[in-house]
Amino acid sequence: MEGRVVLSDLEDAVVASPVVADEHDKDIERVLISEREIQDKLEELGEQITRDYTGREPLLIGVLKGAFVLMADLSRHIHLPLEVDFMAVASYGAATKTSGVVRILKDLDHDLEGRDVLLIEDIIDSGLTLNYLLKNLRGRRPASLEVCALLKKTGIQRVHLDVKYVGFEIPPDFVVGYGLDFAENFRNLPYIGLLRPEAYRDV
Ligand code: IMP
Ligand code: MG
């Protein structure tokens, strides 16, 4: 077998390969949640959602742009027929703060009436964006409406929210990666990281 690469060798190589310090990584102070931890959690959430929605055909609604990575990975851990749709929203205010005033930039293609809707969010910070969205979606008369968020910052929500599926509770710091941006950057990092303070100042 000398000279031939077999699949198991390739798999070992992929698992063992270190994170390459590229232009992005140099701005990351610390990895808060690794790629492996995220993927394990998504498998767990996917199993739970599959169980909860057995016999139904849920409609997953991703909130752009942050949820695009989560939507792609999580939906493949849900072993049911399902449909996906996206909404794009923007909250007025500074880059790292939310104002609670939400503007819909792209609305849904689907009619929600009678559907089992699962809203997919990257992160719940103040909760104001989600609060606005839930009110808006409830008005469209879905059969059910639940939320799945990858991250929830601990103890800083300004409104009470019922979030059925939460990946990780994290401290109330600004994080990037896995869909989350700072000034539209870092969304493609496969992990959740904390930015170095200099990275904020450079913008
Ligand atoms: P909220 O309305 O304060 O809950 O914030 C909602 C939106 O703000 C999220 O969907 C994100 O797009 C953005 N956001 C909140 N916290 C962070 C963060 O730590 N990093 C990147 N984006 C964030
Ligand atoms: Mg953002």
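## Leu-137 in helix α4

Leu-137 lies in helix α4, residues 128-138. Helices (H or I, at least four residues) and strands (E, at least two) are DSSP runs, numbered from the N terminus. The model is predicted: local features need pLDDT of at least 70, side-chain atom pairs count only at pLDDT 80 or more, and totals for chains, interfaces and linings use all residues. Residues are numbered from 1 along each chain as its sequence is written, and side-chain values use heavy atoms, with hydrogens and water left out.

Leu-137 is buried, at 0% relative accessibility. Buried means under 20% relative accessible area, exposed over 50%, partly exposed in between (1.4 Å probe, protein chains only). Beyond four places in sequence, Leu-137 contacts Ile-61, Met-87, Leu-108, Leu-112, Leu-119, Pro-142 and Leu-145. Contact means heavy atoms within 4.5 Å. Val-117 is 20 residues away in sequence and 9.0 Å away, C-alpha to C-alpha.

## Asp-116 in strand β5

Asp-116 belongs to strand β5, residues 116-124. Asp-116 is buried, with 12% relative accessible area. Its side chain makes a polar contact of 3.0 Å with that of Arg-56. Such a contact is a pair of N or O atoms within 3.5 Å; within protein, one must be able to donate a hydrogen and the other to accept it, and residues adjacent in sequence count only if both atoms are side-chain atoms. Among the residues that Asp-116 touches are Tyr-53, Pro-58 and Ser-144.

## The three-stranded sheet

An open, antiparallel sheet runs β1-β9-β8. β1 (28-33) and β8 (175-176) are the edges; each has a single partner strand, so one side of each lacks a neighbour in the sheet. Pairing requires at least two bridges found by DSSP between two strands. β8 and β9 (residues 192-195) pair over two bridges. Val-175 has Leu-194 of β9 as its bridge partner.

How values were computed
Chains lettered and ligands numbered in written order.
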